[in-house]
Amino acid sequence: MLISIIMPYDKGIHFLRDALDSIKHSLSGYTNSEVTYELIVVVDSGEGKEVYSKEALRLLEEYRSACEGLMDIKAISVSGDSTVAMLRNEGIRAAAGEYIYFMDSDDYILYDTFRVMAEAAATDRYDIITGPIEQTMFKYSTYIRDSRDKEIEESGQLQVEDNMCRFHLTILNSLIKRKYMMSVCGDGNMLEFHEENQYYCDMAYTAVLFGNSDNICFLQEMKYIKRVHNDSIQFPALDQLEVKNRNELFMDSLNHAVMASGRDELIVNVVKKIKKNRAAAKRKNRLKRVRNFFAHPTFLFRMIEKYIFRRLPMKSNWIVFESFLGKNYSDNCKYIYQYLAKEYGSKYRYIWVINDKKTNIPGDVTKVKYLGIRWFYYTSRARYYVNNMRQPRWMYRREGSVMLETWHGTPLKKLVFDMDDIHAATLRYKMDVYTQSRKWTYLMSDNPFSTKVFESCFLYPKERIVEIGYPRNDILYAPDRERRAAEIKKGLSIPQGKKVILYAPTWRDDEYYGPGRYQFTLKLDLRKMKERLGSQYVILIRTHYFIADAVDTAGLEGFAFNVSRYNDIAELYLISDICITDYSSVFFDYANLRRPILFYVYDFEKYRDTLRGFYIDMKTEVPGPLLFNEQEVLEAIEHIDEIENEYETLYTAFCDRFCCIDDGQASRRACEVLLNEV
């Protein structure tokens, strides 16, 4: 028995690799000499698709040898303006199997799918063998490794039982007998898809097949994973494309499905329930919008900004500064402001977005709360806006205004469009970041490495990236830095004569309560550290601002200090003798001081391979040792002089690459860019 797997391909080589891996793993799990397989990948090689088609053909050649003995792989290139229906029909014409199985190149299957499917087909009792379709945002390896069933959403497509049959109005994850496909067509040919229907070609096709047979088998173990695209910019799914009359096309396809089926009552029932579910979803969304409008003043403020503030003239001498959503007075924004206030004085009006109005900000400043009504007023009227994070998707930028995005670090962890999986953000994350970043006038970079990464991860034009260093690092080159360090230590009540360890870990994408709400578990026993190091050291714990309240230092007064709420981490760099971090970007900045850095990476492989991935090879390129458990951390601190000597050469090379622009003058250069005085 030969089973033909038909897979259309447009673009997205990472999707295709996942699909091929899942098929290979499923077939590797069992042997059955009576069942053979052929995979027919129909590649769209039309105009503008040449690059995608060539890389697909190369990948298929790679898998052809890897899957020898498991299945034959055939590639068909189709030129011209092709739709999914056209590609599938090419596959149908080329298929030689007694059974046909349809699969999309951006989806994957689970281990037992082909085994249970083949066993059912071998009985020769069924016209159609089908199974459940589940949805996920994650790539194949993540899904398999984590087995996180709680993350898998219901498909949202209706499943209906009839004569032991449950099905979706999609042909995916259905094995169909060839003879049955020919009998339904009635002219001796195989049933084909209507090629004029670009977006919903499945519906009528599925209705015909399922509506004309009672010999249908549903197998719970025959699992198909529909991958929801988290990148609708570069790799949009069909349902993410902008289509003016999409709803009309969808409803027409449903009605066509009713007319095309041979058993109207079943399909009519399906269509009625789909329409009912869609209407209920729309009502739920409208109700949510109404509740949000009254529950959150932001919605009301947006209306006021749109119809009142935007109509007021822009103020050419107003500058708004915002650091970490108004959580503190810090980072690049702080040092740009200080330079402007010193050099330009009252020529400009300075507005600081700060949630705690008691925060001490020197000079004559106006303080506003993030997303308060005054935030909308000043951000919509000010000509200049300086920020270090992304902004709300809907934020208005007035024509002629200047938005300087300083960002908040040299990236080690992969960002946005360089990430495969998005764990702790919404499905719209990449689309939102893309929309927001189009509003930036300039994006600041600390080194040539960051410039290259920002081009990729933000899809941002290189000509608008200003490679000028980070103003926040100016303090590390200040001629009076020793005096400043002494004042900072005194302000934190650090005992005289004690050396300072700064522990600055980042957050984990998979440790969260919900989108944007993160957890963190400290992997250091502070009491044990105090016993071994307390006579010489104190430790400052500075977590990412996402998890600033996740550390408890009660009972460790005088040794452990939770400085996660301390406004300016650059000042903490200045007073620290050793920096311990993991995947945070802090070490790129700290390296300007040429002081020891230790990397406590207890979950290294998981973070590298599953959660994020890195832009550099931490095993060979970072200027300090990778430490995998608490004992190694303690021993490294106790032998810190030896580690300094061991990493001296690597440290120098690292600084030449990543600290090559910082020189104490970045604030001046940033102000010149902001005020267009370059």
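In the predicted model, Cys655 is buried (under 20% relative accessible area, with exposed meaning over 50% and partly exposed in between, for a 1.4 Å probe and protein chains only), its relative accessibility being 2%. Cys659 is likewise buried, at a relative accessible area of 7%. A search of the whole structure for disulfides, defined as pairs of cysteine sulfur atoms within 2.5 Å, returned 0. Cys655 accordingly takes part in no disulfide, and the nearest cysteine sulfur, that of Cys659, is 4.3 Å away. For the sulfur of Cys659, the closest cysteine sulfur is that of Cys655, and the separation of 4.3 Å is too far for a bond.

Residues are numbered from 1 along each chain as its sequence is written. Local features require pLDDT of at least 70 and side-chain atom pairs pLDDT 80 or more, whereas totals for chains, interfaces and linings use all residues, and side-chain values rest on heavy atoms, with hydrogens and water left out.

The secondary structure consists of 24 helices and 27 strands, taken as DSSP runs numbered from the N terminus (helices, H or I, at least four residues; strands, E, at least two). Along the principal axes, the C-alpha atoms fill a box of roughly 90 × 65 × 45 Å. Of the 678 residues, 55% are buried. Contacts were defined by heavy atoms within 4.5 Å; among those between residues at least 6 apart in sequence, 74% join residues at least 24 apart. The protein exposes about 30,200 Å², of which carbon and sulfur atoms supply 47%, as computed by the Shrake-Rupley method with a 1.4 Å probe.

Nonpolar cores were identified as sets of buried Ala, Val, Leu, Ile, Met, Phe, Trp, Tyr and Cys residues joined through side-chain atoms within 4.5 Å. The largest such core comprises 105 residues, and Phe458 and Met618 have the most contacts inside it. Helix H17 (residues 569-575) contributes the largest share of this core, 6 residues. A second, separate core contains 41 residues, including Ile3, Val35, Ile73 and Ala118. Beyond its neighbours within four places in sequence, Phe458 contacts several residues, among them Trp407, Phe417, Tyr434, Arg438 and Trp440.

Thr406 is located in the loop between strand S17 (402-405) and helix H13 (429-437). Thr406 is buried, with 0% relative accessibility. With neighbours within four places in sequence set aside, the contacts of Thr406 include Asp331, Asn332, Cys333, Asn387, Met444 and Tyr470.
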